[in-house]
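Trainee: Could you take me through the features of a model one at a time, giving the general idea before the particular case?

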Amino acid sequence: MLDKLIAPRVREIPPSGIRAFFELSAGNSEMISLGVGEPDFVTPEHVRAVCIEALNRGETMYTPNAGLPKLREEIAGYLHASFELSYDPGHEVLVTVGSSEAVDLALRSFIAPGDEVILPSPSYIAYSPIGHLNGGVMVEVESSAEEGFKLTAEALLKVITPRSKLLMVNFPNNPTGAVMTYEDWLPIAEIVKQNNLIVVSDEIYAELTYDRKHVSIASLPGMLERTIVISGFSKAFAMTGWRVGYACGGRELIAAMLKIHQYTAMCAPVLGQIAAIESLQNGLEHKEAMKEIFRQRRELLVEGFRSIGLPCHQPEGAFYAFPRIAHTGLSSEEFALQLLKESGVAAVPGHVFGAGGEGYLRCSYAVSTQKLTEALERMEAFMKVKI
């Protein structure tokens, strides 16, 4: 009876496909999980030490809604030095409870019922449900391995309508590891401006680009004021549990997001914000060291997939490989379930990332080299049976 009282939009959205496979492998010591995108590194000791000292000093209170002024200054300085983005820390930077809250705030702030949200596919699974909860009409733009899983101007133009309101992008991409260059973004930026769109750019993997420097669409001419750049400390700084993210953009856009943030989360955890300050001030070398390890694991996993008969696009960012499994005759769901049950390897079926993900499997290399090697051996044996 009570289930009928649940709001229709909530009933309509599916549970997380990533978490479903994670739960199946949880608690089994023989299982190797390549499912969840969480670094296997502990937050560096110097970051933890600073927070212990702050805790002992009794720094356990609320912070300003927008975040500690010092952290906002550090974020603005870091983005300027790293990605050539210039923001006023007093009015154009908002600290959030992880980058996930920032995505939620952005979509809630800018979507009215019936507005169309354009979403490249495959993409991170949370975007479409959050957009749907806010009354948005999600419009997928499929990409292909042949084009490096990039968003192209031709594909974007095909779905633009008078109801198009927002373009949601995520590069480096989860699940494909695709990146966009300055030249890739140029025609996209022109289409955005011509159609008066807002861009929400989730750049949580910006630091984890391996073959070139990350380029934000916000750095292109005329794009800074109409783009919300979202990022955080979970991935590149090994701070998933601290729950600190941020959103940067034009003053009016950030002010709208801050209104919702004030009434919901109120502020990000103070110790997480202190940890983030320390990471930006003294943790960049640790970040680069972790990135190099991810690079080595990427080579191991991609080469391994290709050697066992799974074609795999070379991911240029993030920490995911996205091998193609369509030629096995199994759907991505069937392949992932059988791999889990028969070989003890958990990976995420590509279809949960949108229609463009069917026929693929997302495998995280944010796990040890030993586990990756063992996973590849198990998958090789699995493939010999299936093909």
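Trainee: Which strand pairs with strand 11, and in what sense?

Mentor: Two strands count as paired if DSSP finds at least two bridges between them, and strands (E, at least two residues) and helices (H or I, at least four) are DSSP runs numbered from the N terminus. Here strand 11 (residues 348–349) pairs with strand 12 in the antiparallel sense over two bridges, and the bridge partner of V348 in strand 12 is R362. Strand 9 (residues 320–321) also pairs with strand 12, in the antiparallel sense and over two bridges, with Y320 standing opposite S364. Before going further, note that this is a predicted model, in which local features need pLDDT of at least 70 and side-chain atom pairs count only at pLDDT 80 or more, while totals for chains, interfaces and linings use all residues. Residues are numbered from 1 along each chain as its sequence is written, and side-chain values use heavy atoms, with hydrogens and water left out.

Trainee: What does A268 contact, beyond its neighbours within four places in sequence?

Mentor: Contact means heavy atoms within 4.5 Å. With those neighbours left aside, A268 touches T63, V95, T96, V97, R243, H261 and Q273. A268 lies in the loop between helix 9 (251–263) and helix 10 (270–282), and at 1% relative accessibility it counts as buried. The C-alpha atoms of A268 and E101 are separated by 9.8 Å, although the two residues are 167 residues apart along the chain.

Trainee: How many aromatic pairs are there?

Mentor: Rings of Phe, Tyr and Trp (its six-membered ring) pair if their centres lie within 6.5 Å, and planes under 30 degrees apart count as stacked, over 60 as edge-to-face and the rest as tilted. By this rule there are 16 aromatic pairs. The rings of Y78 and F237 have centres 6.4 Å apart and planes at 65°, so this pair is edge-to-face. Y78 lies in helix 4 (residues 69–83) and F237 in the loop between strand 7 (227–232) and strand 8 (245–248), so the pair ties together parts that are 159 residues apart in sequence; both residues are buried. The rings of F335 and F382, with centres 5.2 Å apart and planes at 80°, are therefore edge-to-face. This pair links helix 12 (residues 332–343), which holds F335, to helix 13 (residues 369–386), which holds F382, the two residues being 47 residues apart. Ring pairs also link F41, Y205, F294, F319 and Y320 into a cluster.

Trainee: How many salt bridges does a search of the whole structure find?

Mentor: Side chains of opposite charge can pair when their charged atoms come close. A salt bridge is a side-chain nitrogen of Lys or Arg within 4 Å of a carboxyl oxygen of Asp or Glu, and the search finds 15. The side chains of D40 and R297 meet in one of them, at 2.9 Å from N to O. D40 lies in the loop between strand 1 (32–33) and helix 3 (45–56) and R297 in helix 11 (residues 284–307), so the pair ties together parts that are 257 residues apart in sequence. D40 is partly exposed, with a relative accessible area of 37%, whereas R297 is buried, at 5%.

Conventions. Buried means under 20% relative accessible area, exposed over 50%, partly exposed in between (1.4 Å probe, protein chains only).
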